Amino acid sequence: MSEAGFRPPLLLRHAQLQSILATKSPRRKLWLKRGSLMESEGVRHELDCGDGVRLAGFHSRQPEGQASRGLALLIHGWEGSHESSYLYSMACTLYGAGYNVFRLNLRDHGGTHHLNREPFHSARIDEVLGAARAAQQIDGDERLFVVGFSLGGNFALRVGLHGPAIGLQLRLSVGVSPAIHPGSTLDAIESGPLMFRWYFMDKWRKTLRAKKAAWPEHDFSAFDGVRSFTESTRRFVAGFTGYPSMDDYLAAYTLTPEMLMASPSPLAVLTAKDDPVIPYRYFEGLRTEGSLRAFLATEHGGHCGFIEDLRMTSWAEARVLELLEAAGA
């Protein structure tokens with residue numbers, strides 16, 4: 001475990017500010033202003049993920065005549081998308097370093113509510129594995145890297161855990177601020193700063209409206225007037241997941257240090273001890289041994305933040321690039 005030199009100035013040190021900058025900073029505009037070619041090279045694909053499931057995303061190859069260093073599959077957090085500031089900036093960094101990039105949208109994210117009738121839930125790992133395989137087939141490069149943020153970080157680590165069983169040969173799967181213990185994240189949102197609860201509840205209501213518009217037969221009336229994120233989750237599990245209880249559902253995508261260190265493919269984890277929605281205590285016992293190639297835990301950084309200066313420089317992007325380069329050597 002190492003801090004790897006992340007020491008943001010006092011002005012940017014607060015965990016909530018770092019977390020806000022992860023999603024609200026102008027990094028996408030900055031990359032466009034710099035003339036990144038990733039957007040112009042991007043092609044939208046709808047992936048056949050098996051069992052009739054289709055997920056969409058944007059594939060950006062290196063310009064013609066320029067060799068790729070491998071394919072980086074990026075996965076956003078809950079209610080994010082391929083355009084989320086943190087993901088877009090990471091994608092531009094990796095693309096600029098010579099990697100092909102596929103920015104995947106999870107089910108019901110990024111305006112894809114119409115693609116699949118049944119709603120998204122976080123235990124749907126099989127379709128993400130199918131998406132990773134389909135994206136690699138489109139790209140054609142056998143060197144596959146996966147980078148995910150928050151809930152997407154959980155998915156990325158699970159791709160590393162379960163991918164080899166379906167033939168995915170992964171060079172490295174990286175979780176940035178990964179939600180490895182979803183029950184504690186749910187508690188942190190419910191009991192933490194009001195702004196976070198409002199933010200997530202607003203996102204939740206918007207996605208239910210979008211799903212209803214795409215599939216009018218769905219009945220989401222059970223969520224009317226519910227202001228508790230925990231109670232909303234409990235009702236959703238009962239009505240839309242097939243799991244017998246919320247505890248069973250949360251356990252289905254809970255990750256432990258022991259599971260990560262025993263992974264059949266290489267993994268890496270970056271997190272901050274002051275993350276307001278990912279309690280650090282659940283990373284205790286995680287060590288750089290076995291399949292875990294790196295475990296970087298900083299004192300500051302908030303949730304998916306890691307902003308180093310007022311130019312919106314990202315410590316996490318530099319570290320992920322170093323990790324990918326080492327894994328691909």
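This is a predicted model: local features need pLDDT of at least 70, side-chain atom pairs count only at pLDDT 80 or more; totals for chains, interfaces and linings use all residues.
Residues are numbered from 1 along each chain as its sequence is written, and side-chain values use heavy atoms, with hydrogens and water left out.

Strand E6 (residues 170-176) runs parallel to strand E7 (residues 267-272), the two pairing over four bridges; DSSP must find at least two bridges for strands to count as paired. Both belong to an open sheet of eight strands, ordered E1-E2-E4-E3-E5-E6-E7-E8, with mixed pairing. The edges are E1 (42-48) and E8 (292-298), each of which pairs on one side only, and the twist averages 20° from one strand to the next. Helix H6 (residues 151-162) packs on this sheet, touching E3 (71-75), E5 (144-149), E6 and E7, and its direction makes about 155° with that of E6. Contact here means heavy atoms within 4.5 Å, and axes are lines fitted to C-alpha atoms, for helices over the stretch in contact, with angles from 0 to 180 degrees between N-to-C directions.

Let me turn to helix H7. H7 (residues 182-191) packs against H8 (residues 194-214) at an angle of about 110°, their axes 6 Å apart. H7 is therefore roughly perpendicular to H8, the class given to angles of 65 to 115 degrees, with under 35 roughly parallel, over 145 roughly antiparallel and the rest oblique. In this contact Ile189, Glu190 and Ser191 of H7 meet Phe196, Arg197 and Phe200 of H8.

And how do H7 and H9 (residues 229-240) cross, and how close do their axes come? They cross at roughly 140°, with the axes coming within 8 Å, so H7 and H9 are oblique to each other. Here Leu186, Ile189 and Glu190 in H7 meet Phe229, Thr230 and Thr233 in H9.

About 60 Å³ of space lies in the largest cavity, whose lining includes Arg27, Phe149, Val176 and Glu317. A cavity is a set of points, on a 1 Å grid over the protein atoms alone, where a 1.4 Å probe fits but cannot get out, and lining residues have an atom within 4 Å of a point; points are joined across faces, edges and corners, and the volume is the space filled by probe spheres set on them.

Methods:
On a 1 Å grid over the protein atoms alone, a cavity is a set of points where a 1.4 Å probe fits but cannot get out, and a pocket is an open set with protein on both sides within 12 Å along at least five of seven lines; lining residues have an atom within 4 Å of a point.
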